[in-house]
Amino acid sequence: MLDYRTHTFLAVYRSGSFTRAAEQLHITQPAVSQHIRQLEAHYGCTLFSKTGRGVEPTRAGQLLYQALDAERNDETRLRAELDSLQGEKNARPPLRLGCTRTIADYVAPRVLTQHLARHPSEHVLMRTGNTAELVALIDAGEIDFALVEGYFDRRTFESAVFSREPFVAVAASGERPASITDLLGNRLVLREPGSGTREILERHLAACDLTVDDFAGVIELASIPTIKACVAGGAGVSFLYRVAVENELASGALVDVTPRDFAIKHDFSLIWQRGSRYASRYRALLHECA
């Protein structure tokens, strides 16, 4: 059971203000200040420093937040499990996961089908979004873990590799060129900023001293099926995970034009809050699914 001072600390950390935390918790600002002083006395360190508009956490405050936020979310999960024991069917609380869009569309259906075949009574709730959005949902306790393709803060989240996926260039026709520069004369069709596939592409282009603007033109589309349809219609070239274009490559609707000097593989990772007491359960689920 979490201490009331823990809830005060989390509210101050999230809001960046003693005043806003007091309003959210329906207590006085002096009470908030007292709770923080008590925690600082207990841990023997300063947790917040004052800024012009409020407060910001110290390094100690950041470390404590990671631990207490994970504990708070675990407490919510534990309470739901205990409550489920009181019901007539003793149904476990839902499996709350998040998936980035490529994984949700092209990997999750197989994984969930296999999981539900083994656990037919399991209740699954899945959220989709980019990696940053899913990280925020885990932090807020709205999902328990996520399968992501993008980059995340490994200081805050533990992870395990689900699979290592080829990242390929596709077009309506053509052959594999020797260099990424050979594709710059094409229009680039890609996801919106913030998406995992775009972030990976941009990082690898940067390693070659290139950006997406070096292509003949750029089209941004939020839908992978729409991207594939446009590329198959001759709109340009795109970079996607092979798992998302396997059917089109097999049918000939798209061809692999990945430059020989731009061969990329990237991990799909299962992530959860560092320090969670449910880490062994998440690892077991990953092993089962993989």
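Asp209 sits in the loop between helix H8 (196–207) and strand S8 (217–220). This is a predicted model, and its chain contains eleven helices and eleven strands. The C-alpha atoms occupy a box of roughly 70 × 55 × 25 Å along the principal axes. Of the 290 residues in the chain, 49% are buried. Among contacts with a separation of 6 or more, 74% join residues 24 or more positions apart.

**Loop residues with positive phi**

- Most residues other than glycine have a negative phi.
- Asp209 is not a glycine, yet its phi is positive, at about 60°.
- Asp209 has a relative accessibility of 70%, and because exposed means over 50%, Asp209 counts as exposed.
- His26, likewise a residue other than glycine, has a positive phi near 60°.
- The loop that holds His26 runs between H2 and helix H3 (29–43).
- His26 has a relative accessible area of 74%, so His26 is classed as exposed.

**Helices H1 and H2**

- Helix H1 (residues 4–15) and helix H2 (residues 18–25) have axes that come within 8 Å and cross at roughly 125°.
- The two helices, H1 and H2, are therefore oblique to each other.
- The crossing of H1 past H2 is right-handed.
- On the H1 side, His7, Thr8, Ala11, Val12 and Ser15 take part, and they meet Phe18, Arg20, Ala21, Gln24 and Leu25 of H2.
- By class, the residues of this contact of H1 with H2 are five nonpolar, four polar and one charged.

**Helices H6 and H11**

- H6 contributes Val111, Gln114, His115 and Arg118 to the contact, and H11 contributes Leu285, Glu288 and Cys289.
- The contact of H6 with H11 is made up of three nonpolar, two polar and two charged residues.

**Nonpolar cores**

- In soluble globular proteins, nonpolar side chains tend to be buried together.
- The largest nonpolar core holds 43 residues, and Phe215 and Phe239 have the most contacts inside it.
- Apart from this core lies another, of 16 residues, among them Leu10, Val12, Ala21 and Ala22.
- Beyond residues up to four places away in sequence, Phe239 touches Phe167, Val168, Ala169, Ile180, Leu183, Leu188, Val189, Leu201, Phe215 and Phe262.
- Val12 and Ala21, which belong to the core of 16 residues, are also among the residues through which H1 and H2 meet.

**Arg101**

- Arg101 is part of helix H5 (residues 101–106).
- Arg101 has 28% relative accessibility and therefore counts as partly exposed.
- With neighbours within four places in sequence left aside, Arg101 is in contact with Gly129, Asn130, Glu133, Glu149, Arg191 and Glu192.
- Arg101 and Val218 are separated by 117 residues in sequence, and their C-alpha atoms are 21 Å apart in space.

Methods. Residues numbered from 1 in each chain as written. Predicted model: local features only at pLDDT ≥ 70, side-chain atom pairs only at ≥ 80, totals over all residues. Heavy atoms only, no water. Helix = DSSP H or I, 4+ residues; strand = E, 2+ residues; numbered from the N terminus. Buried < 20%, exposed > 50% of the residue type's maximum accessible area, 1.4 Å probe, protein only. Contact = heavy atoms within 4.5 Å. Core = buried A, V, L, I, M, F, W, Y, C linked by side-chain atoms within 4.5 Å. Axes fitted to C-alpha atoms, helices over the stretch in contact; angles between N-to-C directions. Parallel < 35°, antiparallel > 145°, perpendicular 65-115°, else oblique. Left-handed = near helix turned anticlockwise from the far one by under 90°. Nonpolar A, V, L, I, M, F, W, Y, C, P; charged D, E, K, R; others polar.
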